[in-house]
Amino acid sequence: MSSTRIRAALCLVAVSVLAAMGLTACGPPASRGLHTEARTDYDPWQPLNRKIFWFNDHVDQYVLEPVARGWDWIAPDVVERSVSNFFVNLRSPIVVLNDLLQAKPKNAASDIGRFAVNTTVGVVGFFDYATPLGMPQHTEDFGQTLGWWGLPAGPYLVLPMLGPSNIRDTGGLIGDGFASPAGWFISWWILIPPRVGEAINSRALLLKQVEEAKRASFDYYVFVRDAYLQRRNAQLNDLSPGSTSGTEQGEDLYHPDAAPPRDAAPPYGGPQS
Amino acid sequence: MTALRSAFLTLLLACALPCAAALAAEPGAADGSGPRANVQSTTSQVIAVLANGSLSVDQKRHKVEEIVYAQVDFETLSRLVLARNWSQLSEAQQKQFMEEFRQNLSATYGRNVESYKNEKVQIIEDHAEPRGDWTVRTKIVRNGSNDINVDYRLRQVNGTWKIIDIIIENVSLVANFRSQFQEIISNGGPTRLLQVLHEKNERGEPLKAPAAATS
């Protein structure tokens, strides 16, 4: 049973990758010029995206956030962080797989060590002893792998319930779903409760931040879109945390008058050289 | 068993790498008035105010505002946030934008004065950017929670280094506001932007105007 399942999973990954490629190939030639002109060119489906965003926000407001608040009230911060660690640790094999697919053997080694330490010493992942030992958490996923291999990001896309994404990351999400070892052995519907639990727990850790973001933003939809794209771009290019610095695209942000009209690589589109 | 052993070998290897990286970190620019010194003094002054138990919330907000006003170049910040749209604004509108935007920022971030929980700021490193700006990377160390990476972008204006952007966990404040304002401007022009800003400030109980510490 499991071997057919694996085969089916691999087929689906392949199909989703191909679909993603096909879709992006048909889409607009991605966006050009970081943070410059009207950025509707990478968000051509904005009207639909806004509707889904509105829907997600309402689910959050009326279901997820209240539940998360309840959980936050019951669980001390330490517990929330441990639960979060647990889920992060569960994802480690996928991170390693994606390290390898992106030819990052050092990170893969570190992440294997991390998984070993946190699963054993860290009591199946509830405690993170690996970070202080010099094995920080890497965020690698299939979406980044596809980007690393040069697949363009494609238009911005808000997924129902799952939130901000783009065509490439959506394909990546499907890939990660099938690469997850748990998915090979356990039926998908059994995996839903843990996923929900994870969502509630992560939301509980973000109560204040989301509230702040909503209050601070002028257009919450754009705020989230931009934050997502900036962060994904940084992750894809493995920029040191906290900056777009050192890249020409990053420079254009700070010299808007000097920025020549270029037909450089699309922003957030692929790894920078 | 062998798997376990190799895992620990990788562990050792992984431990050695960051140490080597730390040794290579550069000390930074000129001492005294350099960009690193600016960030160092700004953050430590702010933390000193926040940690000062004898000040009221309002006093804290005013003091923090004073420090920040002195170190941030709001004009450059405003220009960068509006980018090419800046020239669409009349001179009066530009002034109004700067003022309202500054008010908005201090109202937004001033709220956080109350939630200070003994966080510390560590400067990680600093480096020059290709066209003369400087980046100082810091992290906010929180008790028990994950650190927050905060980068400061500085530019030399009339001989002094001033902060022109703050990048929190890879999200640049300038870029993020630029996207939001761009959306508003393309739907309703600069007038609409000023109106939205103004309305938000009215709603968001900004600070009662402090004895003008204008630049």
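Colleague: How many bridges join strand E1 (residues 156–159) of chain A to strand E2 (residues 163–166) of chain A?
Modeller: This is a predicted model: local features need pLDDT of at least 70, side-chain atom pairs count only at pLDDT 80 or more, and totals for chains, interfaces and linings use all residues. Residues are numbered from 1 along each chain as its sequence is written, while chains are lettered from A and ligands numbered from 1 in the order in which they are written. Helices (H or I, at least four residues) and strands (E, at least two) are DSSP runs, numbered from the N terminus. Strands pair if DSSP finds at least two bridges between them; E1(A) and E2(A) run antiparallel, and their bridges number four.

Colleague: Which residue in the turn of this hairpin has a positive phi?
Modeller: Tyr156(A) stands opposite Asn166(A) in E2(A). Three residues lie between E1(A) and E2(A). One in the turn has a phi of about 70°: Met161(A).

Colleague: What pattern does chain A follow along the sequence?
Modeller: Chain A has twelve helices and two strands. Read in sequence order, the pattern is α-α-α-α-α-α-β-β-α-α-α-α-α-α.

Colleague: Why does the span of helix H5 (residues 91–110) of chain B agree with expectation?
Modeller: The expected span of a helix is 1.5 Å times one less than its number of residues. H5(B) has 20 residues, so its span should be 28 Å. It agrees because its end C-alpha atoms are apart by 28 Å.

Colleague: Which helices do the buried residues of H5(B) pack against?
Modeller: Two residues are in contact if their C-beta atoms, placed from the backbone, lie within 7 Å. The buried residues of H5(B) include Phe97(B), Met98(B), Phe101(B) and Leu105(B). The buried set packs against three helices of chain B: H3 (57–71), H4 (74–82) and H6 (173–203).

Colleague: Which are the edge strands of the open sheet in chain B?
Modeller: The sheet has five strands in the order E1-E2-E3-E4-E5, with antiparallel pairing. Inside it, E2(B) (134–141) and E3(B) (148–157) share seven bridges, and Thr135(B) has Arg153(B) as its bridge partner. Each edge strand pairs on one side only; they are E1 (120–128) and E5 (171–172) of chain B.

Colleague: Where in chain B is confidence lowest?
Modeller: pLDDT is the predictor's confidence in each residue, from 0 to 100. Chain B averages 80, and H4(B) scores highest, at 93. Residues 8–30 stay under 50. The lowest helix mean is 44, in H1(B).

How values were computed
Buried ≥ 20, exposed ≤ 12 C-beta atoms within 10 Å, placed from the backbone.
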